[in-house]
Amino acid sequence: METDNNLLPEQKARLKIDKQLNRAGWDVVSRDEYIPGHALAVREGLMQGNTESDYLLFIDNKAIAVIEAKREENELGEDVAAQAEGYCTHPQSWYGLWTRDLIPLVYLANGKKILFKNLLDPDSDYVELSEMHSPKKMLRLTGQKSPYGALPRIERKGLRDCQFKAEEALEDSLRAGRKKNLAVLATGSGKTYLACLASYRLLNYTDTRRILFLVDRNNLARQTESEFSLFDRTEKNQPMSNLYEIRRLRHEADANGDICISTIQKLFALLTGQTLTDGNEDQEDEQYTADEEKTAEEKIDLGNDLKLKPDHFQFIIVDECHRSIYGKWKAVLDYFKDAVILGLTATPTPEAYSFFNNNIIEQYTYDDSVVDGVNVPARIYRISTQVTEHGGQIQKGKEIRETARAKGKQDSYIADHTVEYGSENLDRSIVNVDQIRTVLAAYRDAIYNDLYPSREPRWEYIPKTLIFAKNDYHAGQIVAMAKEVFAEKFPKGVPERFVQKITYSSGDSNALIRALRTDKEFRIAVTVTLVATGTDVKPLEVVMFMKDVRSDTLYTQMKGRGCRTISDDKLKEVTPNADGKDCFYIVDAVGVTEHEKYIPKPAPGGKKKFLNLEQVLEHLAHNEVSDENLVLLRDYCATISNRYENHPLFRRHLEEFIHQFGYDPRSLAEKINTALSTQSLPPYLGPSNANTARMNLITPFIMDLEARRKLLELQKGYVVTTDDSDRVLYSGFSKESARTYIRNFEKYLDDHKDSLEALRIIYNAEDTQITHSMLIELRDRLLMENPQFRIKQIWKNYRLLDTAGNVDDPDDKENAGVLTDLIQIVRYAYKKTPKLTGMMKGYSQRLNLYYGQHQRTLTADQMKVMRQIADYVIRDGAISMGELNEVNTDLWREGVKQFGPSVLKEEMNTLAKFILKAA
């Protein structure tokens with residue numbers, strides 16, 4: 001791009017005018033970039049007589065203004081005005097116009113000064129402006145109205161890409177007349193901020209008078225009210241609360257605010273004339289969740305005497321729109337039939353997709369958010385106990401303590417016979433205190449041994465932990481037992497706020513949630529549902545499940561509490577012994593990560609019973625190879641592979657499947673996914689048709705009864721059987737699995753040390769460069785052998801088995817996880833080096849050694865070239881002249897210029913030897 005010094009005066013002025021237009025809300029585009037329906041300033045707008053106006057401005061596809069641009073030195077005199085006004089009276093016949101045969105507004109600009117005249121006023125003269133008019137202002141000046149024409153351009157700065165795309169797509173959808181819009185955005189991606197942005201723009205630039213924001217829970221209503229009030233991405237950067245009345249629905253009058261925030265339950269009460277009560281909102285929230293986890297209730301009936309008009313709200317935002325709002329409560333939304341609706345969720349249900357007519361304005365997944373650094377990935381730590389898995393016994397003659405849930409009344413008696421109970425009764429009708437103790441003790445012991453072994457074991461600063469309990473009574477038992485279990489780590493007593501309950505019975509839940517974010521002493525929070533959805537606690541590093549969750553939607557929301565990123569400095573403010581948050585742990589004490597949770601997309605044509613795996617296989621065998629059934633098989637296969645690939649006890653069953661049938665269920669899932677995503681399959685016509693291509697997709701699997709039976713066996717799962725009393729059956733990442741993994745990996749290296757070039761060079765210590773293509777071949781061959789043979793995964797297993805401190809932490813910041821780390825791993829496996837250290841470690845020293853060993857002095861330009869080449873080598877392996885030309889032609893040219901071709905080739909070989917030495 002040319003610098004300002006190389007631009008002509010006219011071009012410099014245009015750059016300034018472009019910025020003035022941008023600030024006023026106009027997108028500046030070329031003629032071939034014109035998009036219908038947007039507020040656009042078109043450069044070199046074509047006029048009659050094949051002339052061109054410097055800028056032609058459009059709103060709703062109708063020309064509204066002309067801008068004549070001159071260099072800064074031009075005084076914008078009568079000649080410029082005559083030229084501009086001539087354009088205004090000679091528009092193209094195929095332009096839409098707001099005024100017949102006239103473009104009404106004319107502007108003269110030189111980058112420093114703006115003059116304006118309204119041609120609709122014959123007595124007007126040019127006036128000087130301090131800034132360019134916005135689309136909204138121009139519509140007012142011309143006395144015109146447009147549903148969405150006044151919406152200015154969206155400034156991308158300060159928005160995440162997913163927020164920008166969602167708002168842009170929402171406004172395009174509204175222009176197209178679509179009233180229902182669904183944004184699927186991962187936890188932590190800024191859904192509420194997007195809602196604030198959309199609300200402000202519709203209130204300020206359209207005829208929208210009143211907005212309803214429906215929240216999932218009362219505690220989220222309080223949080224949302226605060227976020228809306230503080231939102232200041234406005235024209236004058238004023239907080240939204242200074243511009244609009246923002247009310248949380250607690251009284252009838254609150255519904256008349258500019259923005260009304262409410263739960264669907266309270267809105268229903270207001271709508272039907274019921275009295276709004278100031279009861280315990282936290283208790284209401286927990287009851288709502290309990291109801292949703294039960295069988296669906298009958299849909300509500302609004303009746304005929306409703307207290308709000310159907311057009312009371314023009315824009316409705318439904319947060320966490322996966323909920324029963326589209327089942328039991330759907331009539332409430334349907335009543336406001338003309339309102340525009342925006343749904344926000346990270347976990348859409350079939351009902352949500354159906355309600356929004358599959359109009360998905362943005363899809364931003366959890367995986368996307370991890371890649372973008374919005375969230376951190378999860379790692380699973382499993383704690384399994386005898387009682388948790390298999391239940392237990394209350395022996396005859398043992399004292400039984402009984403607590404009545406309704407009033408908390410306690411009683412005790414002696415059992416007159418032995419009572420056996422299953423794991424499904426645990427912590428519901430029966431509380432086994434020793435089971436809670438065993439689980440919490442296993443977690444305590446894992447914190448600094450397995451989860452965070454590199455941290456200084458300061459027990460007052462264990463990672464902030466959120467535990468999900470089954471009910472309020474269970475939560476109380478966990479709090480009491482946590483104090484007992486951790487007491488041995490605190491000779492002077494467990495700190496008062498170390499572990500606390502956040503449930504409806506705990507008092508001010510908002511204050512407790514704030515304390516969990518900021519209070520150093522508050523380390524463990526125990527909740528039922530109040531912190532299950534929508535609540536951000538960025539320093540949270542462990543989410544522990546002591547209750548099972550069968551709903552995939554709710555489970556995703558609950559585990560999402562731990563996924564938010566936080567800067568190292570901010571984390572250290574509340575957890576001083578932490579280095580950073582690169583992942584979060586799901587500590588699974590009930591098998592929640594292993595139980596099947598699946599929500600397919602809705603089938604066309606209405607509701608339909610979803611098939612379990614056994615039914616899917618039967619349907620597919622009968623040639624019902626519809627998209628829906630293929631999707632179900634794909635997802636069942638992927639879920640099964642996910643469950644067993646790293647399972648410390650049951651991975652062998654997946655390996656048996658692969659050995660017996662020659663493929664992994666995941667490969668079948670990927671095959672189906674590729675066919676569906678590329679739309680390469682012919683349409684499904686019905687089971688009576690051949691459907692050859694579709695059947696070929698799942699052959700030979702569907703033809704092999706043994707493979708189908710084995711897949712069903714994997715899907716149903718396995719349990720560990722033991723007759724011992726309650727004790728830990730399994731805790732942590734299995735070292736035995738790591739030994740098996742490394743044994744298999746090293747066997748592969750040994751078997752292929754002569755056939756794979758990179759392995760041969762390392763094994764024989766040959767004086768030959770290991771190139772990028774060699775490393776790619778090695779990486780791909782390893783993954784073909786076992787999808788788990790990924791660089792970081794190999795390293796982590798070596799680290800798990802290391803007892804002598806010879807293997808660096810793969811999550812250490814110096815270990816960047818580059819392709820050349822394969823060289824280090826193979827060297828370590830072949831016993832060529834006693835330590836496993838990342839290739840990036842010591843990189844600068846090795847580069848300086850290359851400079852220092854040189855027989856002649858390199859110029860600054862030559863050193864710059866070699867540094868850039870070294871950056872490729874350290875990450876991807878030795879690179880040839882031809883490869884350098886392919887990946888960076890400019891660098892190749894500069895290298896040839898500085899050294900000459902033959903010398904550059906020699907220098908690159910020498911450099912690679914230094915850079916790829918064992919770190």
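**Exercise 1. Sequence separation of contacts**

Task: Among contacts between residues at least 6 apart in sequence, find what share joins residues at least 24 apart.

Solution. Step 1: take a contact as heavy atoms within 4.5 Å. Step 2: keep the pairs at least 6 apart in sequence; in the protein chain, 70% of these join residues at least 24 apart. Helices (H or I, at least four residues) and strands (E, at least two) are DSSP runs, numbered from the N terminus. Of the 919 residues in the protein chain, 52% are buried.

**Exercise 2. Confidence of the model**

Task: State how confident the predictor is, and which stretches have pLDDT under 50.

Solution. Step 1: this is a predicted model, in which local features need pLDDT of at least 70 and side-chain atom pairs count only at pLDDT 80 or more, while totals for chains, interfaces and linings use all residues. Residues are numbered from 1 along each chain as its sequence is written, and side-chain values use heavy atoms, with hydrogens and water left out. Step 2: pLDDT is the predictor's confidence in each residue, from 0 to 100. The protein chain averages 84, and 85% of the residues score at least 70. Step 3: residues 598-610 stay under 50, and the model has 23 contacts for them beyond four places in sequence. Residues 719-725 are also below 50, with 13 contacts in the model beyond near neighbours in sequence. Step 4: where pLDDT is low, the predicted coordinates should not be read in detail.

**Exercise 3. Aromatic pairs**

Task: Classify the ring pair of Phe657 and Tyr663, then that of Tyr798 and Tyr828.

Solution. Step 1: rings of Phe, Tyr and Trp (its six-membered ring) pair if their centres lie within 6.5 Å; planes under 30 degrees apart count as stacked, over 60 as edge-to-face and the rest as tilted. The whole structure holds 25 such pairs. Step 2: the ring centres of Phe657 and Tyr663 are 5.7 Å apart and the planes stand at 85 degrees, so this pair is edge-to-face. Phe657 and Tyr663 are both buried. Step 3: for Tyr798 and Tyr828 the values are 5.2 Å centre to centre and 90 degrees between the planes, again edge-to-face. Step 4: Tyr798 belongs to helix H28 (residues 791-801) and Tyr828 to helix H29 (residues 821-829), so the pair ties together parts 30 residues apart in sequence. Tyr798 is buried because its relative accessibility is 6%; Tyr828 is buried at 16%.

**Exercise 4. Surroundings of Ser369**

Task: Decide whether Ser369 is buried or exposed, and find which residues are in contact with Ser369.

Solution. Step 1: Ser369 is in helix H12 (residues 366-371). Step 2: its relative accessibility is 0%, so Ser369 counts as buried. Step 3: leaving aside neighbours within four places in sequence, Ser369 is in contact with Ala186, Tyr364, Val374 and Asn375. Step 4: a polar atom of the Ser369 side chain lies 2.6 Å from the backbone oxygen of Tyr366. A polar contact is a pair of N or O atoms within 3.5 Å; within protein, one must be able to donate a hydrogen and the other to accept it, and residues adjacent in sequence count only if both atoms are side-chain atoms.

**Exercise 5. Surroundings of Tyr851**

Task: Locate Tyr851 and describe what Tyr851 touches.

Solution. Step 1: Tyr851 sits in helix H30 (residues 843-853). Step 2: not counting residues up to four places away in sequence, Tyr851 touches Leu858, Met863 and Arg867. Step 3: the side chain of Tyr851 has a polar atom 3.2 Å from the backbone oxygen of Met863. Step 4: Phe914 is 63 residues from Tyr851 along the chain, with 9.8 Å between their C-alpha atoms.

**Exercise 6. Backbone geometry**

Task: Describe the peptide bond between Thr699 and Pro700 and the phi values of Asn61 and Asn357.

Solution. Step 1: Thr699 and Pro700 are joined by a cis peptide bond, with omega about 15 degrees. Pro700 is in the loop between helix H23 (692-697) and helix H24 (705-716). Step 2: Asn61 has a positive phi, near 65 degrees, and lies in the loop between strand E3 (52-59) and strand E4 (62-69). Asn61 is partly exposed, at 33% relative accessible area. Step 3: Asn357 has a positive phi near 55 degrees and lies in the loop between helix H11 (350-355) and strand E15 (360-364). Asn357 is exposed, at 59%.

Methods
Buried means under 20% relative accessible area, exposed over 50%, partly exposed in between (1.4 Å probe, protein chains only).
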